[in-house]
Amino acid sequence: MLFDTHAHYDDRRFDPDRDELLRSLPEHGVGLVLNPGCDLESSLKAVDYAERYPHVYAAVGYHPENIEGLTDAQVSAGLEEIEALARHPKVHAIGEIGLDYYWCKDPQERKRQQELFRAQMSMAGRLGLPVIVHDRDAHLDCLTIVEQYPKVRGVFHCYAGSVETAERLLALGYYLSFTGVLTFQNAKKASEVVRRVPLDRLMVETDSPYMAPEPYRGKRNSSLYVYRMAEAIAEIKGVPYEEVARATTENGKRLFGIPEGAGEDAV
Ligand code: NI
């Protein structure tokens with residue numbers, strides 16, 4: 001049984017078959033899915049799917065890129081609604097939150113991203129929830145911020161940092177999760193991190209509908225392909241696939257506080 005710890009089923013590419021696909025996951029061996037939000041609207045949808053499907057859990061939050069064009073007042077009103085939504089029994093994390101400097105070069109806008117990230121780290125601390133961190137080209141600033149909240153645990157999703165940063169995150173109690181990037185020919189850096197990080201700190205994710213793994217690269221991704229990340233980790237670490245499947249599922253359940261027995265009707 002596998003746990004896809006990061007998939008965006010609110011994406012409109014799932015409009016034609018979302019219900020059928022989500023319903024069918026357990027019979028394809030995907031016993032658990034965590035759907036993060038990226039703003040208020042997608043967070044509401046994540047909660048809706050979590051209410052509808054027993055094997056789906058939700059995270060709620062503002063992605064750093066999604067505050068562009070919003071006033072500070074709109075952002076703080078949105079954060080209040082996110083915090084109320086986070087008390088829903090099937091919301092098990094705050095995410096995805098973090099920093100994205102790839103598209104954002106303006107120092108003022110980067111500062112706004114940092115403020116938003118800090119506000120949501122504090123929120124996670126208040127609510128006792130883990131965080132799902134998006135870090136694109138902002139490794140040092142992300143690390144600096146998470147170090148300021150030592151009581152908060154979480155996962156760096158689609159991890160793209162160095163082995164050194166990984167070691168500092170592990171020391172803080174964080175997990176690392178990997179997408180289809182791990183299956184690409186040129187994934188040397190990610191492979192090296194996977195080789196060095198203990199199996200009890202790794203998780204698998206699709207980041208659907210993005211980042212489809214080989215041999216599905218370029219197609220719409222879905223949780224049906226999450227087995228490819230477990231295969232890649234098994235190959236890199238030289239351990240049996242079943243062991244990776246079991247460990248990554250247990251890790252996700254431990255971090256996100258998923259109840260014992262959840263997802264076990266998956267084949
Ligand atoms: Ni994502």
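**Cavity, pocket, helices and loop**

Mentor: The largest cavity is lined by Asp135, His139, Phe156, His157, Cys158, Tyr159, Ala160 and Gly161. Please keep in mind that this is a predicted model, in which local features need pLDDT of at least 70 and side-chain atom pairs count only at pLDDT 80 or more, while totals for chains, interfaces and linings use all residues. Residues are numbered from 1 along each chain as its sequence is written, and side-chain values use heavy atoms, with hydrogens and water left out.

Trainee: What counts as a cavity or a pocket here?

Mentor: On a 1 Å grid over the protein atoms alone, a cavity is a set of points where a 1.4 Å probe fits but cannot get out, whereas a pocket is an open set with protein on both sides within 12 Å along at least five of seven lines, and lining residues have an atom within 4 Å of a point.

Trainee: How many cavities of 30 Å³ or more turn up, and how much space lies in the largest cavity?

Mentor: Searching the whole structure gives 1 cavity of 30 Å³ or more, and the largest cavity holds about 30 Å³ of space, where a volume is the space filled by probe spheres set on the points, with grid points joined across faces, edges and corners.

Trainee: And what classes of residue make up that cavity lining?

Mentor: The lining of the largest cavity has 4 nonpolar, 3 polar and 1 charged residues. Here Ala, Val, Leu, Ile, Met, Phe, Trp, Tyr, Cys and Pro count as nonpolar, Asp, Glu, Lys and Arg as charged, and the others, Gly among them, as polar.

Trainee: Now the pocket: how much space is in the largest one, and which residues lie nearest its centre?

Mentor: The largest pocket contains about 770 Å³ of space. Its lining has 29 residues, and those nearest the centre are His134, Arg136, Cys158, Asp207 and Met211. Two or more lining residues come from each of strand E4 (91–100), strand E5 (131–136) and helix H7 (188–196), with helices (H or I, at least four residues) and strands (E, at least two) being DSSP runs numbered from the N terminus.

Trainee: Switching to helices, how do H7 and H8 cross?

Mentor: The axes of H7 and helix H8 (residues 227–237) come within 9 Å and cross at roughly 70 degrees; axes are lines fitted to C-alpha atoms, for helices over the stretch in contact, and angles run from 0 to 180 degrees between N-to-C directions. H7 and H8 are therefore roughly perpendicular to each other, given that angles under 35 degrees count as roughly parallel, over 145 as roughly antiparallel, 65 to 115 as roughly perpendicular and the rest as oblique.

Trainee: Which residues meet there?

Mentor: On the H7 side they are Ser191, Val194, Arg195 and Arg196, which meet Ile233, Ile236 and Lys237 in H8, contact meaning heavy atoms within 4.5 Å. By class, this contact has 3 nonpolar, 1 polar and 3 charged residues.

Trainee: What about H6 against H7?

Mentor: Helix H6 (residues 163–171) and H7 have axes that come within 10 Å and cross at roughly 40 degrees, and that makes H6 oblique to H7. Val163, Ala166 and Glu167 in H6 meet Glu192, Val193 and Arg196 in H7.

Trainee: What is phi at Asp207?

Mentor: Phi of Asp207 is near 55 degrees, a positive value in a residue other than glycine, and Asp207 is also found in the loop between E8 and H8. Most residues other than glycine have a negative phi, and most peptide bonds are trans.
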